[in-house]
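User: I am new to reading protein models. Can you take me through the pockets and the backbone of this one?

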Amino acid sequence: MDKIYTVETYKCIACGKCELACGFAHSRDGKAGSPRIKIKKIGVEKGMPIVCFQCVEALCVKSCPVGALVRNEETGAVDLLEEKCIKCKMCVISCPFGNIQWDENFGEVAKCDLCKGDPQCVPFCPTKALSYL
């Protein structure tokens with residue numbers, strides 16, 4: 001793991017381009033996926049990107065009864081192994097930050113995996129509030 005995903009909240013202008021890029025990156029069968037990054041608007045021109053912190057001692061990992069959440073040694077992200085997931089939503093409930101969602105479009109957990117080491121939200125941020133270096 002050589003790169004670090006960074007969010008500089010003071011640069012966010014709440015344009016929503018990161019949310020759109022993420023939704024498209026996780027689309028299937030003509031349906032957009034649930035964005036793994038959300039913008040909390042603060043006033044008119046400011047926002048705060050909310051995304052998985054990829055916690056070192058991740059409660060989502062500890063709460064999964066089937067071991068469907070594992071650390072990806074290459075990217076550093078906590079990855080969801082969809083083939084193991086039983087859709088119990090314990091990870092959604094256990095995240096103290098609310099950074100794991102239930103994707104209604106696909107009936108599954110939606111969690112940031114850093115797009116397998118190429119976060120699609122980063123190049124679409126016009127203010128460079130998001131980086132992966």
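User: How much space lies in the largest pocket?
Analyst: This is a predicted model. The largest pocket is lined by 19 residues. Strand 1 (5-7) and strand 3 (46-50) each give two or more residues to that lining. The space in this pocket is about 300 Å³.

User: Which class has 13 residues in the lining of the largest pocket?
Analyst: Among the residues nearest the centre of the largest pocket are I4, Y5 and F53. Ile, Tyr and Phe count as nonpolar. The lining also has four polar and two charged residues. The class with 13 residues is nonpolar.

User: How many charged residues are in the lining of the second largest pocket?
Analyst: About 190 Å³ of space lies in the second largest pocket. Of its 13 lining residues, H26, R36, E82, D113 and K116 are the closest to its centre. Four of the lining residues are nonpolar and one is polar. The number of charged residues is eight.

User: Where does K87 lie, by loop?
Analyst: Most residues other than glycine have a negative phi. K87 has a positive phi, near 60°. Its relative accessibility is 41%, so K87 counts as partly exposed. K87 lies in the loop between strand 5 (78-80) and helix 3 (90-94).

User: Is K128 buried or exposed?
Analyst: K128 sits in the loop between strand 7 (108-110) and strand 8 (130-132). Its phi is positive, about 60°, although K128 is not a glycine. Exposed means over 50% relative accessible area. K128 has 53% relative accessibility, so it counts as exposed.

Terms used. Residues are numbered from 1 along each chain as its sequence is written. This is a predicted model: local features need pLDDT of at least 70, side-chain atom pairs count only at pLDDT 80 or more; totals for chains, interfaces and linings use all residues. Side-chain values use heavy atoms; hydrogens and water are left out. Helices (H or I, at least four residues) and strands (E, at least two) are DSSP runs, numbered from the N terminus. Buried means under 20% relative accessible area, exposed over 50%, partly exposed in between (1.4 Å probe, protein chains only). On a 1 Å grid over the protein atoms alone, a cavity is a set of points where a 1.4 Å probe fits but cannot get out, and a pocket is an open set with protein on both sides within 12 Å along at least five of seven lines; lining residues have an atom within 4 Å of a point. Grid points are joined across faces, edges and corners, and a volume is the space filled by probe spheres set on the points.
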